[in-house]
Amino acid sequence: MPGIDKLPIEETFEDSPQTRSLLSVFEEDADAISNYSQKLFQAMNRIYDAQNELSAATHLTSKLLKEYEKQRFPLCSDDEVMSSTLQHFAKVIDELSSCHAVLSTQLADAMMFPITQFKERDLKEILTLKEVFQIASDDHDMAINRYSRLSKRRDNEKVKGEVMEDVYTSRKKQHQTMMHYFLALNTLQYKKKIAILEPLLGYMQAQISFFKLGSENLTQQWEDFLTNIGTSVQNVRREMDGEVDVMQQTIQDLEQASDLLYMPDPDPSQVPVNRNLTRKAGYLNRRNKTGLVSSSWDRQYFFTQGGNLMGQARGHVAGGLVMDIDNCSVMAVDCEDRRFCFQITSFDGKKVAILQADSRKDCEEWIATINNISKRIYLSENPEEIAARVNQSALEAVTPSPSFQQRHESMRPTTQGRSRAARTSSVSSAGSETASPALSVLSLDALVAPDTPIQFDIISPVSDEYAGQAKAAGQGRRTNPFGESGDTPPEESEDSILHQLFIVRFLGSMEVKNADSSDVIYETMRQILAARAIHNIFRMTESHLLVTCECLKLIDPQTQVTRLRFPLSSVVVCSSHQENRRLFGFVLQTAEGRVDGRPVTVCYIFESNNDGEKICDSVGLAKQIAFHSEMDRKATEKKEEQDKAKEKQQEELSKQKQIEKDLEEQSRLIAASSRPTPPAPSADGQFLVLSKSQSEDSDAGQEGREKGESEA
C-alpha cells in the first residue's frame, strides 16, 4: 500500500478488513510521527533554554565587568587602563545581551509555539479519537452479538425493539467516530510537514534577525577597539610565554639540584651538613606528654627569630613563641619510638622541648644552628662568617701544637682560677695535695697516650653484679612501674651521710697516662670536644649523677637503673673547666684491668646543667666524709681488737687456773689410791673386792669429809 496517501472515508460504513488493515498502517505512522515530534521538541526546547541561559549569562557578565573597579585585589593595585577597558567591554556586552533577549523572544514565538501546538493539540486529538473509536467499535460488536441471539418467537417484541435500538445507536456512533478518526489521520499527514518546517523557518529567521541586529550595533569604532584589545592580549601572551619558559627552566634546575633531597635521610657525603647557619626553618615533630608515661607527637612548622624558637601550626596565620634559646643547651637524645630526636633545654633548666627532624642531616643542622644562636652569634654583623670561623677553629683544634703550653692557651684557666681548681680537685688524696709539675716540662705524651680510642657513649648500662642485686631486691619488695625511687634507699647508700643528685650528659671517656694534676682533664676535654666536632657526633646520653660517701652513680632518669658505678676510693682527680663552667670531669684509677698488673687510669668528661665546680665540691666533700668515716672505722676496729685481746687474756688465765686445780685434784687422788686398806667382809663371810674406780671414789669422799671436819 505505498501508493495510498489517505484513508477512504466512503468505506467507513462497511468497515471491511481491508479498511481496518489500512487504518492500522496510518495508526503506525501516527505513532512514528508522535515519537519523532517529541524528540524534535526536546531539541528545540534545549536551543530555547540555552538561548535564555546565554542571555542571562551575558547580562551577568556585563554586570560583573562594571563592578571590577570596586574590587580590591591583594596582589594588584588600582589599574585605570584595565578598569576603562572593562567598562568598554561592559557596554558592548550590554548591547549583545539586548540582542540575545530579542532572539529569545523570537525563538519562543516562531519556533517553540508551532511545534508545541502540534504536540499538544494535534497529536493528542489523534490519541483521543483512537480511544473513542476503539470504544465505539467494541460497543457495536456487543450490540450485533445480542441482536444475533434474538429468538424467533414473537413473545419478546419489547426486548427485540431494545436490541434493534441498541444496534442502531452503536452502528451510528461507530460510523461517525470512524469518519472523524479517518479525517484526523488524513489531516495529520499535512500537519506533520507544517509542524516540522514552520519551527525551523522561525529559528532561521530569528537567527538572521539577530545577526543583522548585531552587525548594526558593532560599528567600525567597536571593531577598532576590539583590534587594539586583541593586540594587547597577544603582547600579554608573549610576555607570559617568556615568563613560563624561565620558570620551567628554573623548575628543571631545581629538580636536578633537589634530586638528592627527596630522600628522607640523604647521604651526608653527597649532601653535606651546613654548620654555619644562624637561622633555620622547617617542619619538626614535637613531643607532648599526655600522661605519666604516654606522649603524643604533633607536627608543626618551626623557625628561629633572633634568639627565639617559634612554632606555627598548619593553617595558622602567625607563629607563637616556643622557648628562648639564648644560652640554652641542645643535644641529640634517644627516644624509644622515634629517630633523629634532639632536646633543647633553656638556660635555667625549667623548660625542655624534645623535637624530631626528618633526617639525620636536618637534625644535625638544627643542633648546629641552635648552638650558634645560643652563643649569640646572630647579634654580630656577619653571623655566618663568625659561625664558620668558630666551627673552623673547632676543627683545627685537633691538629697537634708544638708545645703543651700552646695547645692549652685557650683552655687553660688563669692563675687565680687554678688555685680554685686546686681546691675543687682536692679529691686526689685524703687531706693531702700533690704539687703538679710545671706545664712547660710536661709533654703531650705524658698526659694522654697517642692514638687513644675515645668512648662517646655508655656501652654497658648495668653489670651482672648490679643486675643480680636488682633482681634480689625486686623479690623482696614491689617494683614501682613508673621508675620512681621508693621509700627504701639502696643498701649501699643507706648509711651514707651525703646524697646529692645532678643532671649530667656524658661527653666521652678515654684512657690517660698521668693522673697527678687537673691538666689531664683539660687535655681530655679538648680532645673529646674536637673529636665530636670532626665526626659530627652530637648525641649525648643524659643521666642522673648521684654523689654519696661510697661511690658515684650514673642513673637512668627513665628507669632508675644504675648505668655505671664509680667507687669513690678510685676517683683520683675531679675538676671543672674555668671558661665553660658546665664542663667537668674526673679521673678514675683501678688496680685491675691490665695483663702486666699496672693500674688503668680513665678520664670521664661530662656536661651539667649546673656549675661543674659545685659537683666537684660535692665530690670533694664526699671524699672528706669518707676519709673521716674510714679513720673512725679504723679507730673503732682497733679498740675492738684491744678489747678482744683483753678478753682472750682473761680467758687464758682462767683456763690456766682451771688446769692447775685439776692437777691438784689428780695428785690427791693418786696419793689416796696408794694407801693400803683392808677389804671389807661380805655377808656370807667372804671379802668384797672393789674396783679401782670405786676405791678412788671412796677415797675422794673420805678426803672430802676430813677436809670439811678440819675446816669446821
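**Exercise 1. Cysteines**

How many disulfides does the count come to? Work from the predicted model.

*Solution.* A disulfide requires two cysteine sulfur atoms within 2.5 Å. The sulfur of Cys-549 has its closest cysteine sulfur in Cys-551, at 9.9 Å, which is too far for a bond. Cys-551, whose nearest cysteine sulfur is that of Cys-549, is likewise in no disulfide. The count is therefore zero. As to accessibility, Cys-549 counts as buried at 11%, and Cys-551 counts as buried at 2%.

**Exercise 2. Aromatic pairs**

Classify the ring pair Phe-506 and Tyr-604, then the pair Phe-586 and Phe-606, and locate each in the chain.

*Solution.* Phe-506 belongs to strand β9 (residues 500-511) and Tyr-604 to strand β15 (residues 600-608), so the pair ties together parts 98 residues apart in sequence. Both Phe-506 and Tyr-604 are buried.

For Phe-586 and Phe-606, the centres are 5.7 Å apart and the planes are at 20 degrees; because planes under 30 degrees apart count as stacked, this pair is stacked. Phe-586 in strand β14 (residues 583-590) and Phe-606 in strand β15 are 20 residues apart, and their pair links distant parts of the chain. Phe-586 is buried, at a relative accessible area of 1%; Phe-606 is buried, also at 1%.

**Exercise 3. A charge over a ring**

Which ring does the charged end of Lys-119 sit over?

*Solution.* The ring is that of Phe-41, with the charged end of Lys-119 lying 5.1 Å from the ring centre.

Conventions:
Residues numbered from 1 in each chain as written. Predicted model: local features only at pLDDT ≥ 70, side-chain atom pairs only at ≥ 80, totals over all residues. Heavy atoms only, no water. Buried < 20%, exposed > 50% of the residue type's maximum accessible area, 1.4 Å probe, protein only. Phe/Tyr/Trp six-rings, centres within 6.5 Å; stacked < 30°, edge-to-face > 60°. Helix = DSSP H or I, 4+ residues; strand = E, 2+ residues; numbered from the N terminus. Lys NZ or Arg CZ within 6 Å of the ring centre and 35° of its normal.
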